[in-house]
Amino acid sequence: MSYEKALSLTGLKQEASDSNWLDRVQLLESVVSTQEEAKRLAEKGAPEGTTVIAEEQTGARGRMGRKWFSPRGKGIWMSIVLRPKLPLLQTPQLTLLAGVAVCKAIRRVTGVDAGIKWPNDLLAGGRKICGILLESSLREGELHYCIAGIGISANLTEDDYPDHLKEVATSLRIQRGGVPIDRSELVRAVLNELELHFNLYMEQGFKPIKELWESMSVTLGRQIALNSPQGRSESVVVGLDELGGLILKNSAGEISSVCSGEIELL
């Protein structure tokens, strides 16, 4: 794997940005996980918008403890501290918010037609291009902070992927026919969109985020298989509920809602 041009704070700030969060970026060379670094900073009182970006992660994970492939210099591996005043029940909405923000940034900067797969993946060409992991911390029974972990496969080539990921993962570079991505430009766009949509959410609630998510979804209207502790079932996705769960209709026409689980697009 060749090493790409390294990110730098100077490079990130070389153009004007509307994001206050860009001034709270910490760039690291190699870490086990940006998520753990951001948690450490949050516990020390780091302000909202504090962002940890690493060139390489050696032990990153996605949902359900899965290992996240994040080689040196090839992607955007970042975690952001959020401090929303929200009931814990509403925190899954922040995963959908992050999906909307990152999807908008990717489309605008790269032209790649990314779409959102519930609850936390972005797809392009039917393959995964980005994963989002939101983790919450409680203090005295109330939400203390959240860490939004975002992994974007930016400049990986087909040869970079191990065999078990070649059929399910892709990168922005691959989707652009081999044209590399300016990672600094994309980081700026992601932080701009995240701050914008986070503020929108805190001011107006979930409704505008829900509408944006549905407009970018590759899940809505699709036949899916849901794998849950109750087993595997097939349904059609008909919408999002008010907490960010999927509204499903089964073959008998029965409507149900699910707030967690693994889905497969059929």
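Q: Is Gln35 buried or exposed?
A: At 4% relative accessibility, Gln35 counts as buried. Buried means under 20% relative accessible area, exposed over 50%, and partly exposed in between, with a 1.4 Å probe and protein chains only.

Q: What sort of model is this?
A: The model is predicted, so local features need pLDDT of at least 70, side-chain atom pairs count only at pLDDT 80 or more, and totals for chains, interfaces and linings use all residues. Residues are numbered from 1 along each chain as its sequence is written, and side-chain values use heavy atoms, with hydrogens and water left out.

Q: Where is Gln35 found?
A: In helix α2, residues 34-43. Helices are DSSP runs (H or I, at least four residues), numbered from the N terminus.

Q: And what does Gln35 touch?
A: Arg61, Ser79, Leu133, Glu135, Ile147, Ala148 and Gly149, not counting residues up to four places away in sequence. Contact means heavy atoms within 4.5 Å.

Q: New topic, the core. Which residues touch the most other members of the largest nonpolar core?
A: Ile150, Ile152 and Leu186, out of 60 residues. A nonpolar core is a set of buried Ala, Val, Leu, Ile, Met, Phe, Trp, Tyr and Cys residues joined through side-chain atoms within 4.5 Å.

Q: Which helix gives the largest share of this core?
A: Helix α3, residues 92-110, with eleven residues.

Q: What does Leu186 touch?
A: Its contacts include Ile76, Ala105, Ile106 and Val109. Ile152, Leu172 and Ile181 are also among them. Residues up to four places away in sequence are not counted.

Q: Back to α3. How many of its residues are buried?
A: 15 of 19, so α3 is mostly covered.

Q: What should α3 span?
A: 27 Å, at 1.5 Å a residue. The expected span is 1.5 Å times one less than the number of residues. The end C-alpha atoms of α3 are 27 Å apart, which agrees.

Q: What follows α3?
A: Gly111, whose phi is positive, near 80 degrees.

Q: Now α5 and α6. At what angle do their axes cross?
A: Roughly 130 degrees, for α5 (residues 183-204) and α6 (residues 207-216), and the axes come within 8 Å. Axes are lines fitted to C-alpha atoms, for helices over the stretch in contact, and angles run from 0 to 180 degrees between N-to-C directions.

Q: Which residues meet there?
A: His197, Leu200, Tyr201 and Gln204 in α5 meet Pro208, Ile209 and Leu212 in α6.

Key
Helices (H or I, at least four residues) and strands (E, at least two) are DSSP runs, numbered from the N terminus.
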